[in-house]
Amino acid sequence: MNRHSEPGGPSPAAPSAPSHPQGPPAPPQPRAGLWKRCLWGGTALWLLTAVVTYATRNTNLLPTLILLGSFLVPAVFALWAYERHGRDLGANLILGCFLTGGILGVLGASVMESYLLHPSVWIFLGVGLIEEAVKLLALMFVLRRHPGVHGVRAGLVLGAAVGFGFAAFESAGYAFNAAVTMKGIDLRALLETEVLRGVLAPFGHGLWTAIAGGVLLSFRKPNGRFRFTAPVIGTYLGVAVLHALWDSMHGIAIWLVARITDTGLSRALFAQGYLLTPTDEQQHLFTLFSVGGIVAITLVALAWLRSLARSARIPGASDRRGARIYTP
């Protein structure tokens, strides 16, 4: 008997299992709560940059200050949307919507507004129609190679990403214009502009485009073609009106104050945007109407968004035509 077959002896070597090539490792996923750390860390860096810029008067720091202040809140909210509702969409797609969609939206709005709009009482309605249209077109452009992405939830997340990207680049332009004056650099105006637009950022472009994107992608066909149905067009017009009311609330408040206090030339005051010698009563009324109007518009948009989000979570909604949610 062969000694290798004896009891207690070494057993013959087992044949090695065939090796299979392993695929590339999955990309690392952001840890939960990253948006909070980005918010507080980014705020600290922005404050530090503002203090150093003010202390040293070094204008080379202005681009850093403008970019931090303009992108902090929109980027944090886009990251929050990704963590809470869009992890299966992929970070690359959301980042593409934020950057590509935002840039294309700003460029398209600038070109169309410069050629199509002229000073009038209806200019803000034109701005709303143009900007909401170019943001939806930018979203469609980014998603042209992703035919499987459709549904209310995907539209809400990706639409918000495009809107927040648009808001970030637009805020950077406003901050730059506020800083550069005929008398030199106005750091105080720059900081005030960034704080105001940062506070209002979650309730503007990102919110409106999330609503429009949610309805647009809920009617997208499985082959990737977009359908411009009555609900899609109606939603676009609705968010454009909200946008126009938001932009014109300053003039509307002036007009209301003039009407209530019996000041003449009400329509001219709306176009001019100011009262020459306002009384204390007129100043209080203006604050009430302007702030109250912004709050009312925001509440309407939030209720609309909440309604769409609920419809995406209704049991059995995936069985209805146009309500299904598909993600890659």
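A residue is counted as buried when its relative accessible area is under 20%, as exposed when that area is over 50%, and as partly exposed in between. In the predicted model described here, cysteine 97 has a relative accessible area of 0% and is therefore buried. Cysteine 38, with a relative accessible area of 33%, is partly exposed. A disulfide requires a pair of cysteine sulfur atoms within 2.5 Å, and by this rule the count of disulfides is zero.

The protein chain has 328 residues, of which 41% are classed as buried. Its secondary structure consists of ten helices and two strands. Along the sequence these elements follow the order α-α-α-α-α-β-β-α-α-α-α-α. Among contacts in the chain with a separation of 6 or more, 76% are accounted for by residues 24 or more positions apart.

Helix H1 covers residues 34–56, and leucine 39 lies within it. The relative accessible area of leucine 39 is 22%, so this residue falls in the partly exposed class. When neighbours within four places in sequence are left aside, leucine 39 is in contact with Leu72 and Val76. The C-alpha atom of leucine 39 is separated by 9.0 Å from that of alanine 75, although the two residues are 36 residues apart along the chain.

The loop between H1 and helix H2 (62–85) contains arginine 57. This arginine 57 is not a glycine, yet its phi is positive, at about 55 degrees. For comparison, most residues other than glycine have a negative phi. Arginine 57 has a relative accessibility of 56%, and because the cut-off for exposure is over 50%, arginine 57 counts as exposed.

On the H4 side, the contact is made by Phe124, Leu125, Val127, Gly128, Leu129, Glu131, Glu132, Ala133 and Leu136. The H8 side contributes Tyr236, Leu237, Val239, Ala240, His243, Ala244, Asp247 and Ser248. Divided by class, the residues of the contact between H4 and H8 comprise eleven nonpolar, three polar and three charged.

In the other pair, helix H5 (residues 152–179) and helix H6 (residues 187–200) have axes that come within 8 Å and cross at roughly 155 degrees. Angles over 145 degrees count as roughly antiparallel, and H5 and H6 are therefore roughly antiparallel to each other. H5 passes H6 in a right-handed crossing. From H5, the residues making the contact are Ala167, Glu170, Ser171, Tyr174, Ala175, Ala178 and Ala179. From H6, they are Ala189, Leu190, Thr193, Glu194 and Arg197. The contact of H5 with H6 is made up of seven nonpolar, two polar and three charged residues.

Notes:
Residues numbered from 1 in each chain as written. Predicted model: local features only at pLDDT ≥ 70, side-chain atom pairs only at ≥ 80, totals over all residues. Heavy atoms only, no water. Axes fitted to C-alpha atoms, helices over the stretch in contact; angles between N-to-C directions. Helix = DSSP H or I, 4+ residues; strand = E, 2+ residues; numbered from the N terminus. Parallel < 35°, antiparallel > 145°, perpendicular 65-115°, else oblique. Left-handed = near helix turned anticlockwise from the far one by under 90°. Contact = heavy atoms within 4.5 Å. Nonpolar A, V, L, I, M, F, W, Y, C, P; charged D, E, K, R; others polar. Buried < 20%, exposed > 50% of the residue type's maximum accessible area, 1.4 Å probe, protein only.
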